[in-house]
Amino acid sequence: MNWFVKTLIALGILAGVGALGVYWFLYTYDEREPSRVAYVEHCAGCHGPQLEGTPDGPALAHVELKFGDSTPSLMQSISARHDGFADGLTTSMTKALALYIIEQRQGLPSIAASHARHLPEGIVSSQHHDFVVELVTELSSGPYAIEPLPDGRLLVSEKVRGLSVVDTRGVQGGLVEGTPRVWSEIVHVRGSYVGLGQMLDVELHPDYAGNGWIYFSHADRCQLDCGTPWPRSMVRVVRGRLENNEWLDHEVIWSVHKDNYTVVPDGVAGGRLAFDGSGDLYVTVGGKSSYDNLHVMDTPYGKIHRVHGDGRVPADNPFRKPEADKPAASTRNTVWSYGHRTTQGLSTDPRTGLIWSTEMGPRGGDEVNKITAGGNYGWPLYTHGLDYDGEPVSIGRDLGLDFPLSETIQPVVDFTPAPSLSNFTFHQGDRFSAWNNDLLVGSLRAQTLFRIRIEGDQVVEQERLLTDLGRIRDVEMGYDGLVYVLLEHGKGGSIVRLVPAHSPAPPTTRPRSIPGRSIPGKVPDQPAVSSAEDVAVRYKQ
């Protein structure tokens with residue numbers, strides 16, 4: 001046996017061992033998660049392994065907690081009433097333990113378990129409206145976005161398949177021909193696609209009826225053509241027109257230099273799209289790089305970008321250089337806001353025309369934000385969340401970031417624990433009229449559809465409309481006034497819709513007062529909004 005064969009065998013063995021190690025790490029992570037280990041070691045003997053209680057201690061689940069069930073109150077209870085072991089816990093681990101208890105009280109599933117789908121049967125009751133959930137169609141692969149068309153059809157974006165149309169009977173057609181290439185996943189892990197070159201969001205132009213423009217974002221992929229032996233990708237936005245299932249009049253609207261393409265998987269790419277009340281287009285880009293680039297204006301990562309509908313750079317963009325004329329001239333020219341982690345949702349307030357977003361935090365710290373020109377949203381220096389090992393998020397400090405909390409934009413709504421917020425819409429329509437202007441917010445891990453009413457940047461009402469539904473990727477208003485929800489489960493997905501339990505005849509058109517994507521929303525046992533008793537308004541990690 002020559003040296004070449006021996007080398008191949010050795011490399012094969014190493015690859016196999018590495019793959020088994022990765023498999024073990026991912027599939028045993030939930031059992032090894034530090035706060036769960038701390039609960040089993042210090043709490044399960046009295047309160048039960050499932051929080052069910054024992055003769056030595058009260059139940060923590062399905063009961064009202066005497067001293068409160070918010071994160072701060074549980075931290076106080078752990079520290080003040082369990083001095084036998086609490087003295088040995090750091091503040092961050094005490095918080096992680098409190099988060100674990102709240103997550104179990106809320107029934108938050110593991111990431112792998114969240115890929116199951118459970119459609120409710122019969123009438124679902126909520127605070128203002130009763131409704132039923134109808135299955136519209138099953139999808140052949142993992143989806144990312146839907147966009148209703150005026151004629152009742154639905155555009156569907158599937159991450160590793162491409163763009164297609166679901167007709168009014170719920171039949172999914174073949175792939176739209178002529179769109180940019182979409183690449184298959186590299187691996188499918190715990191229900192999630194891991195890859196480079198995926199299809200992302202899809203959005204109609206505000207004047208779609210007049211000009212027919214359809215916009216979509218995708219992770220444009222390069223390899224040898226960007227000077228590397230391995231593939232890299234980056235968010236790109238294009239537009240075109242759809243005719244007889246063909247993509248025509250293709251134009252690139254927003255892109256960056258290939259030097260900014262990275263090997264970071266597309267799961268954190270973002271790529272959400274929305275038009276504001278003036279018809280300008282906003283694009284989200286997640287942390288598809290190392291975090292030291294999130295506060296560098298000449299990089300695209302961790303930012304929301306703004307361009308005109310034809311790709312030109314608005315003159316009033318906050319970081320625009322005077323000589324800017326095209327988006328590709330410099331990423332700085334299109335930056336609208338920065339300091340974002342992973343912005344998974346984007347929509348337009350129909351009352352103001354302003355852009356709002358949803359953003360995933362780490363272990364806690366999911367956010368609903370109102371987006372402000374030039375705004376610094378603080379990540380990774382400030383967050384309500386913890387790192388996944390139960391320790392404070394130290395990335396910002398390690399990178400030397402140093403700016404006061406007062407210079408950051410605080411979230412309007414903080415979700416701690418984190419349900420893994422996804423896309424959302426502002427409700428508009430007559431079929432559920434008591435929800436008008438409320439946010440309907442999807443979530444992935446929590447499998448929950450939240451309704452949130454915000455007035456004057458304050459939450460005045462909130463509820464869980466649906467729980468244990470499935471991983472919600474997108475929420476949209478149909479032109480029939482119904483709420484359409486996009487689910488991912490297993491290696492596929494589905495579209496469902498909310499229909500009034502006693503449904504009146506549908507209107508012929510959707511009452512959409514301003515352009516753009518609408519936003520989605522009883523919130524968990526713990527209020528989603530940060531209260532004055534929290535450990536800090538938003539503490540520096």
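Start by selecting helix 4 (44–47) and helix 5 (71–81): each of them supplies at least two residues to the lining of the second largest pocket. Keep in mind as you click around that this is a predicted model. Which helix gives the most to that lining? Helix 5 does, with five residues.

Now show the pocket itself. Its volume is about 390 Å³.

Next stop: a salt bridge. Select Asp 69 and Arg 105 and look at their side chains, which meet with 3.5 Å from N to O. Asp 69 sits in the loop between helix 4 and helix 5, while Arg 105 belongs to helix 7, so this pair ties together parts that are 36 residues apart in sequence. The count for the model comes to 27 salt bridges.

How far apart are their axes? They are 9 Å apart, and the two helices pack at an angle of about 85°. Angles of 65 to 115 degrees count as roughly perpendicular, and therefore helix 3 and helix 7 get that label. To see where they touch, show Pro 34, Ser 35, Arg 36, Ala 38 and Tyr 39 from helix 3, then Met 93, Ala 96, Leu 97, Tyr 100 and Ile 101 from helix 7. By class, this contact has eight nonpolar residues, one polar and one charged.

Most residues other than glycine have a negative phi, and most peptide bonds are trans. Jump to Asp 249 in strand 10 (residues 246–254). Asp 249 is not a glycine, yet its phi is positive, at about 60°.

Then go to Trp 379 and Pro 380, which are joined by a cis peptide bond with omega at about 5°. You'll find Pro 380 in the loop between strand 18 (375–376) and helix 9 (395–398).

For the last stop, select Thr 416 and Pro 417. What kind of peptide bond joins them? It's a cis one, with omega at about 10°. Pro 417 lies in the loop that runs between strand 19 (413–415) and strand 20 (421–426).

Terms used
Residues numbered from 1 in each chain as written. Predicted model: local features only at pLDDT ≥ 70, side-chain atom pairs only at ≥ 80, totals over all residues. Heavy atoms only, no water. Axes fitted to C-alpha atoms, helices over the stretch in contact; angles between N-to-C directions. Helix = DSSP H or I, 4+ residues; strand = E, 2+ residues; numbered from the N terminus. Parallel < 35°, antiparallel > 145°, perpendicular 65-115°, else oblique. Contact = heavy atoms within 4.5 Å. Nonpolar A, V, L, I, M, F, W, Y, C, P; charged D, E, K, R; others polar. 1 Å grid on protein atoms, 1.4 Å probe; cavity = no way out; pocket = protein on both sides within 12 Å on 5 of 7 lines; lining within 4 Å. Points joined across faces, edges and corners; volume = space filled by probe spheres on them. Salt bridge = Lys/Arg side-chain N within 4 Å of Asp/Glu carboxyl O.
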